[in-house]
There are 2 protein chains.
Amino acid sequence: MPGQQLATTDSLVEGTHFLSSLSSYEDIGWKSVAVNLSDIAAMGGYPEHLLIAISMPPRFTREQFTRLYTGIVDCANTYKTRIVGGDLTSAPQLILGLTVLGSFHENGCLKRSGARPGDIVIATGDFGASAAGFWYLQNESSEAHSIRPRYVRTSAAHRRPIPRLAEAWSLVKRTDSRGALMDSSDGLADALCQISWASEVLIEVDLELVPIHDETREVATLAGVDVNDWALYGGEDYQLVGCVRPEIWDNYSHELSSSFVVIGRVLEGRGVRLKVGSADGPEVELSRTFQQIRF
Amino acid sequence: MPGQQLATTDSLVEGTHFLSSLSSYEDIGWKSVAVNLSDIAAMGGYPEHLLIAISMPPRFTREQFTRLYTGIVDCANTYKTRIVGGDLTSAPQLILGLTVLGSFHENGCLKRSGARPGDIVIATGDFGASAAGFWYLQNESSEAHSIRPRYVRTSAAHRRPIPRLAEAWSLVKRTDSRGALMDSSDGLADALCQISWASEVLIEVDLELVPIHDETREVATLAGVDVNDWALYGGEDYQLVGCVRPEIWDNYSHELSSSFVVIGRVLEGRGVRLKVGSADGPEVELSRTFQQIRF
């Protein structure tokens, strides 16, 4: 699609999307860029330019601003995205409104509408980690988490998410625009439902194949939460969920399996079906919004 | 500059940039688009695409949202700008973060750095009107201004500003990238200081030539305010301030003078000098931030 462009905008509001008591301003700056880059990754594109609108409360100090901006520049530089403009205003709380402009991968673009019956469902990374980190940071004593959090992986997943750009490029390179892709910023369940809806297909996912890290399980036990609730509905994981033809996986699993795992398949029909346990185990229709899954 | 692009972002925060008690949600929606289009006009460009990030408080109703969005669509349609994406989140107050993508005029682009000694300074429309409207709407009884405000022109200047796109195009068409242009969103004094700083020139403006509407003068008298304070520092007028070679004005004043008036000239030096009254009348060095000008 030469001449065409990708553009994405995402706002982070203090109190809604982050708590400055749980993250450093460097982390908040990083995250504000990363969540926008994740939207570019979700289409397999390249980020190029960044616009930053910052609304600050009167109490915000120069030092806090410098730390925030350091995090923004750090993430932008890491992913070769050039800051080209912005806007500064005042507001009752800190608000970061970022816009990323990017270009399509030379092999095309993967949209959420591209899933077809017969595809397999693949996903990056581990799910529920950000929700676990958020719970842990809120519930541990401030001294413990500010100096050296015990649950480093999940804390980092919440504070400093990684946009899955390279993983997306490796997939687009092998699929030539055939397939679907989305990021799981609003949760795995939401991503699956969105792809199912946009592609008009039934997606069947095996819960036991969904990657969940041991640390996430450990924090869930501490919290008395079913870890699957976090994995499906926790959100803010910024992982990729894709649907591709099985031949892609057969031919390139040696390169793709370093980033992706197979978690299900695409069928004729509508909706998202979650399989639990053995082949003839229980199944449940998955919705976008939180539902308790118990068998 | 083929292949190059314009991108601008501006956030409007409830309480900081607008009060929903003084403007309808349709007006707020309109204004959020118009202020971004004004930034495109400030470079003489064409707006093409619009991204909208809306953060809403929990109390925001569906009807209020519909009215807000109607105003957004209205302004976008009026200026042929296509809404291509956005983001919806929650926040303690209404925040509108808009991004406009556009393209350069085929005759180039006017930046604030393009003023040269010998240029004349020209400006559109009237100054201080938005500040006057804001004062009037805040100080009149709510019944009076909601049904049929007495000061219609200044009220509209505050509620529903007009991006000066066509005026900017008429100028770029005749200047071929030679000259400076900026919008007066942060006040006429700020615009003049920014051009002076970026172009490394001295700008001399004759206060008596600055267009101020009779209605603005009338409201200023009511308010007990020096109307020049509003004209220079009121801001939110979204008028254009430009510096062009005198031949441009000599040759095309028949078409440009329907939009622009001459308010001063560009000299060797630095800063902004305001002349008051006759040729040998008093002069004052103008700063970006508010200063009382009394002689």
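The model is predicted: local features need pLDDT of at least 70, side-chain atom pairs count only at pLDDT 80 or more, and totals for chains, interfaces and linings use all residues. Residues are numbered from 1 along each chain as its sequence is written, and chains are lettered from A and ligands numbered from 1 in the order in which they are written.

Chain A contains 10 helices and 11 strands (DSSP runs of H or I, at least four residues, and of E, at least two, numbered from the N terminus). Its radius of gyration, taken over C-alpha atoms, is 19 Å, which agrees with the value near 19 Å for a compact globule of 295 residues (2.2 Å times the number of residues to the power 0.38). The C-alpha trace of chain A spans about 60 × 50 × 30 Å along its principal axes.

The contact between the chains involves 25 residues from chain A and 26 from chain B (C-beta atoms, placed from the backbone, within 7 Å). On the side of chain B that touches chain A, strands S1 (5-13), S2 (46-56), S3 (82-90) and S4 (95-103) of chain B each supply at least two residues.

Chain B also holds an open sheet of 7 strands, with mixed pairing and the order S6-S8-S5-S9-S7-S10-S11 (strands pair if DSSP finds at least two bridges between them). Strands S6 (180-183) and S11 (283-285) of chain B are the edge strands, each pairing on one side only. S6(B) pairs with strand S8 (residues 240-244) of chain B in the antiparallel sense over 4 bridges, and B:Ala180 stands opposite B:Cys243 in S8(B).

Technical notes. Two residues are in contact if their C-beta atoms, placed from the backbone, lie within 7 Å.
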